[in-house]
Structure formats: C-alpha cells, structure tokens
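Student: I would like a close look at one part of this structure. Please keep to a single site and follow it through in one connected answer.

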Amino acid sequence: MGPREAIISGFSNVLQFSGRTSPFEFWWFFGLVSLVAFILLLPWLEFFEVDTLGYTRISQSFVSGEIDQTFVVEQRWRPASLIYTPVSLLIVVAFFATLASAVARRCHDVGASGWFAVAMFGSGPILVLLLGLAIPMLFPLAPKLTGLLIAFSTIPLLICQWVLPLAGLIRRSRPSEEGTTEFGPNPNEVPS
C-alpha cells in the first residue's frame, strides 16, 4: 500500500470505528488531515502578536523613605493562538471528527480499546469547558478561593492537554499486533 492508497483508505473508512488500521495508513492519513486543517486555520491564527501592558511601579527608598512612582510600559510576545469563530470551530470539530475513527482503529491495531482515544483527546477540552464554567460561578461565592482553584487545576489540565495525547501518539507508533485479534485481522497481513 502506497501513500495514495493509504489516504484513500483513510477517507473511505471515516465513519468506521471497528477494525484495524496499519501504522502506515494511519500516519499518512493523520498527516494529510492535519496539514489541511492547519492550512484552513491559517486565517484564524495569530502569530507574533505583541501585548502592550502599562502599569505604575511604586518603590520606596530604604534609606530616605521617598516614594517613587514610575509608569512602566512593557511589551510581551504572545504565543500563537487560535481566534475562535464559528468557522474556525467548525474546522476544528471536523478535524477531530475526521480523525476519530482512524485513531480508534489504530488503537485497536495495537491492542487497546478505541475508548482510550476518546479519553486521551477528549479529556483536555472537557476539563477546560468544566473549569470555564466552574470558575466564573465560584468567583462571586469565594473570590480568594478562585485563584487557588485556578492554581491547582493547572497540573491536571497540563496532563490532559499534553501528557495524554503525547502518550497516545507514542502508543500509536508501536507496530501492529500479530495475527487476528478481537478487533479484526492484521491490516499488514491482509492482501490489498
């Protein structure tokens, strides 16, 4: 199977969550869909944005006790970010929906449940959504505890958004399980 056949096979099985996908087919399909999504999202990406921050710095001399107030203007580079519009959200949803079946089939190929892919890619956005709803609701009740909630939610959020997907990509890099499994025949052994 060449790259062209791998991509065609990936698109022909977009809504098929059962079966197995070979590493070759998965990575070619994943690469093409990611490239197309990135190109479509380019108009909604902000690169090299500069935030200008102005504040008053107050300092007191230790020796004389004089208070000095200075207005400071700082410029900070903002990392690339996505501007959320209905069109950009539609592209992102289409990207995840297109890859969902390929990821599930690839999980099957390495002997894991397809639900592992849902937990891996879905946990980050779900946690962000829950925190986005919970923090504004808690702020009027306990303004001092809201900062603590944000601080303690950072570690699980980083794990859900970076560690789980990275572990999943590493897991999907493994070779196919030999022979026929509960998910179907080995795609590398099936004649094309």
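Student: Which residue forms a salt bridge with Arg-20, and how far apart are the closest N and O atoms?

Tutor: This is a predicted model. In it, the salt-bridge partner of Arg-20 is Asp-109, with 2.8 Å between the closest N and O atoms. The pair joins distant parts of the chain, its two residues being 89 residues apart. Asp-109 belongs to helix α3, which covers residues 86-109, while Arg-20 sits in the loop between α1 (3-12) and α2 (23-41). Arg-20 and Asp-109 are both buried.

Asp-109 also forms a salt bridge with Arg-106, and here the closest N and O atoms are 2.3 Å apart. This second pair lies within helix α3, its residues three apart, or about one turn of the helix. Arg-106 is buried, as is Asp-109. The count of salt bridges comes to two, and Arg-20, Arg-106 and Asp-109 are linked by them in a network.

Helix α3 has 24 residues and spans 35 Å from its first C-alpha to its last, close to the expected 34 Å. Just after α3 comes Gly-111, whose phi is positive, at about 90°.

Technical notes. Residues numbered from 1 in each chain as written. Predicted model: local features only at pLDDT ≥ 70, side-chain atom pairs only at ≥ 80, totals over all residues. Heavy atoms only, no water. Salt bridge = Lys/Arg side-chain N within 4 Å of Asp/Glu carboxyl O. Helix = DSSP H or I, 4+ residues; strand = E, 2+ residues; numbered from the N terminus. Buried < 20%, exposed > 50% of the residue type's maximum accessible area, 1.4 Å probe, protein only. Expected span 1.5 Å × (residues − 1).
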